[in-house]
Amino acid sequence: MDFLVPVALVVAVLAALMTYRRLVANGTTRQRNARLVERQKAIQSAIDTLGFTLKSSSTTIQEGDDAMRIARDALQQLDAQGDLSELIADNEQFFKEWRASRVSA
């Protein structure tokens, strides 16, 4: 009987530590997911703003240049992981085509 009390205490401490570890891991996952969602929203916002600006027939070349610069800067700031290079290149190519259509028109 005297042996069971320390064993029960050790089991209780281990269970508490495992529960704490699981709670910390879940909190970290939630924080990481929240950061990813915010990053995705910022990426989408930069692209949407550029698209909205370039879509308008009244947008001047200078306004388009400014919008592209803002979008490129925003995407480069969000590219800390190095996974947005293709997206940035696609946006720059789209902008070049848009600009060429405006110059020729």
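Predicted model: local features only at pLDDT ≥ 70, side-chain atom pairs only at ≥ 80, totals over all residues.
Visitor: OK. How many salt bridges in the whole structure?
Guide: Five. The rule is a side-chain nitrogen of Lys or Arg within 4 Å of a carboxyl oxygen of Asp or Glu.

Visitor: What does Arg39 pair with?
Guide: Asp83, at 2.6 Å from N to O. This pair joins distant parts of the chain, 44 residues apart. Arg39 sits in helix α1, and Asp83 in the loop between α2 (61-77) and α3 (85-104). Helices are DSSP runs of H or I, at least four residues, and strands are runs of E, at least two, numbered from the N terminus.

Visitor: Is Arg39 buried or exposed?
Guide: Buried, with a relative accessible area of 16%. Asp83 is partly exposed at 44%. Buried means under 20% relative accessible area, exposed over 50%, and partly exposed in between (1.4 Å probe, protein chains only).

Visitor: And which residue does Asp65 bridge to?
Guide: Arg99, with the closest N and O atoms 2.9 Å apart. Asp65 is buried at 17%, while Arg99 is partly exposed at 31%.

Visitor: What about Glu38 and Lys41, how far apart are they in helix α1?
Guide: Three residues, so about one helical turn separates them in α1 (residues 4-55). Lys41 is exposed, at 51% relative accessibility.

Visitor: Switching topic. Which residues make up the largest nonpolar core?
Guide: Seven in all: Leu50, Leu54, Ala67, Met68, Ala71, Phe95 and Trp98. A nonpolar core is a set of buried Ala, Val, Leu, Ile, Met, Phe, Trp, Tyr and Cys residues joined through side-chain atoms within 4.5 Å.

Visitor: Which element gives the largest share of this core?
Guide: Helix α2, with three residues. The elements giving two or more residues are α1, α2 and α3.

Visitor: What is Ala71 in contact with?
Guide: Ala46 and Leu50, leaving aside neighbours within four places in sequence. Contact means heavy atoms within 4.5 Å. Ala46 belongs to a second, separate core of five residues, which also includes Ile43, Leu84 and Ile88.

Visitor: How many aromatic pairs?
Guide: One. Phe95 and Trp98 have ring centres 5.6 Å apart and planes at 25°, so the pair is stacked. Rings of Phe, Tyr and Trp (its six-membered ring) pair if their centres lie within 6.5 Å; planes under 30 degrees apart are stacked, over 60 edge-to-face, and the rest tilted.

Visitor: Where do Phe95 and Trp98 sit relative to each other in helix α3?
Guide: They are three residues apart, so about one helical turn separates them. Both Phe95 and Trp98 are buried.

Visitor: Last one. Where is Thr59?
Guide: In the loop between α1 and α2. Thr59 is buried, at 8% relative accessibility.

Visitor: What does the side chain of Thr59 reach?
Guide: The backbone oxygen of Thr53, at 2.4 Å. Not counting residues up to four places away in sequence, Thr59 touches Thr53, Gly64, Trp98 and Arg102.

How values were computed. Residues numbered from 1 in each chain as written. Heavy atoms only, no water. Polar contact = N/O pair within 3.5 Å; in protein donor to acceptor, adjacent residues only side chain to side chain.
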